[in-house]
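Visitor: I'd like a close look at a single part of this model: the place where the chains meet. Take me through it piece by piece, please.

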Amino acid sequence: MSLFPNALVLLGKELRTEFRSRELLTTTVVFILIVMFMFSITFQPTSDESRQIGPGLLWLAFLFAASLMLQHCFLREQHNDTLSALRLSVSDPFAILLAKLAANTLFLLLTELFLLPIFALMYNVSVVRVVHWLALAFFLGSLGISIVGTALSAISAQARMRELLLPVLMLPLLTPILIVSTEVTKALFDRAPYVRWQGIGFLAVFDVVFLTALWLFGEYLLEE
Amino acid sequence: MMKNILAAAAVFLLLGVAVYASFFIAPTDVKQGLIYRILFLHVPSAWTGLTAFFISFLANLLYVWRRQPRWDWLGVSAAEVGLAFTTVVLVTGPIWAHPVWGIWWTWSPRLTSTFVLWLLYVAYVVLRTLIEEPDRRALLSALFGIFAFIDVPLVFGSIRWWRDQHPQPVVMGEPGAGLDPIMYKVLLFSWLAMLALMTLLIRQRYRLEAMRGDLETMQQELEVA
């Protein structure tokens, strides 16, 4: 069972590559900030309205940011022609996907961690009391985005118009995540916050279903 | 050639009978009047579209497993035909909704799910146009087709769950609820006719795709030679 040790080594490689430059994280954070700012000057929501539409805006911004950010994970290998080397170095190609999706989840969570306090300040929503539940919802949602996004970025990297293609493939597939994460977050932003277990459960089911699909079909995604 | 013409004639005969039955055999609805008859086009199209997407999903799985081009051809043919039927659903829905609900479109669970389903398969077709190399196109689009079909129950589930929080504008009961027995029979017959049409369309589209496939192989052989 060399899958997890292999995946861990590859995850280390993904993280080292990113933290050398941090360009992906910086650009994504700036992108989400701009989206949040533009939204607020377009609609000028009051505090109550922010509670209503804020969660949707937040998840939309995360989804758009992810659809741009995830382009990189296979393109980088393509530019440097390192995908075949990676495939040769592991016995199970699923390790490559697992490492990439773990790294992507981590990157998404880091941007979310950075942006949540800014969002709470700008939109006048208190998050301190529910921060652990938010962490759970953000983790499950971001994991779902990363699983699907990693698989689809392996597809789009092999096509023309790839920058435009990834969002076209990814956004409709992630509708369930968008809807449910938004509703769960909305309940947590409420004046009397509560946990929507059904939604949390749904996110977990989504993640398990697509992780299984990726495990079953992932090796074909990386065929040369 | 003769076989094709006969098959097409049989399908159109079935469709003709279905049209006749939906206009003259099924009784007029007490509340909605004549407009409800669009149900006999709308509902069977929806069922047929889903059937076609299911066929495409099976073909996608078989392609990934067996790697024979014919499964790729069947996959794309069924997906495109399913897309056509789903488009009919999305067009006939508003035509019915405007006089009955007073609005063309509402983001109710069923409409939203159908729209997302349509978008997923549009993405599938778009993806196929953007990959040149036939084997790679077949494999990658088959994988996307599999992911898309797995997503369908999750889309329906999430949207249904989401509705609990958002009451919709006043909507009349679903037209299928407590359907008159004759209407029900006509509905099932219309579905049968639509399935026949679907089979005919997939078959024709498959032959076209097979010819394209052969042409691509020949072109490649010429380039190598």
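**The A–B interface**

Guide: Starting from the N terminus, chain B reads α-α-α-α-α-α, so to speak six helices and zero strands, with elements taken as DSSP runs numbered from the N terminus (helices are H or I, at least four residues; strands are E, at least two). Its C-alpha atoms fill a box of roughly 70 × 50 × 25 Å along the principal axes.

Some ground rules: this is a predicted model, so local features need pLDDT of at least 70 and side-chain atom pairs pLDDT 80 or more, while totals for chains, interfaces and linings use all residues. Residues count from 1 along each chain as its sequence is written, chains are lettered from A and ligands numbered from 1 in the order written, and side-chain values use heavy atoms, leaving out hydrogens and water.

Now the interface. Chains A and B bury about 3,000 Å² between them, 75% of it on carbon and sulfur atoms; that's the accessible area (1.4 Å probe) lost on putting the two parts together, summed over both. Chain A brings 33 residues and chain B 32, where contact means heavy atoms within 4.5 Å.

Two salt bridges link chain A to chain B (a Lys or Arg side-chain nitrogen within 4 Å of an Asp or Glu carboxyl oxygen). In one of them, Arg160(A) meets Glu132(B), 2.9 Å from N to O. Over all chains, the salt bridge count is 14. The Arg160(A)–Glu132(B) pair crosses between chains, from the loop between α7 and α8 of chain A to the loop between α4 (109-129) and α5 (134-163) of chain B.

On chain A's side, α7 (131-156), α8, α9 (175-189) and α10 (197-221) each supply at least two residues, and α10(A) gives the most, with 11. By class, that side has 23 nonpolar, four polar and six charged residues; Ala, Val, Leu, Ile, Met, Phe, Trp, Tyr, Cys and Pro count as nonpolar, Asp, Glu, Lys and Arg as charged, the others, Gly among them, as polar.
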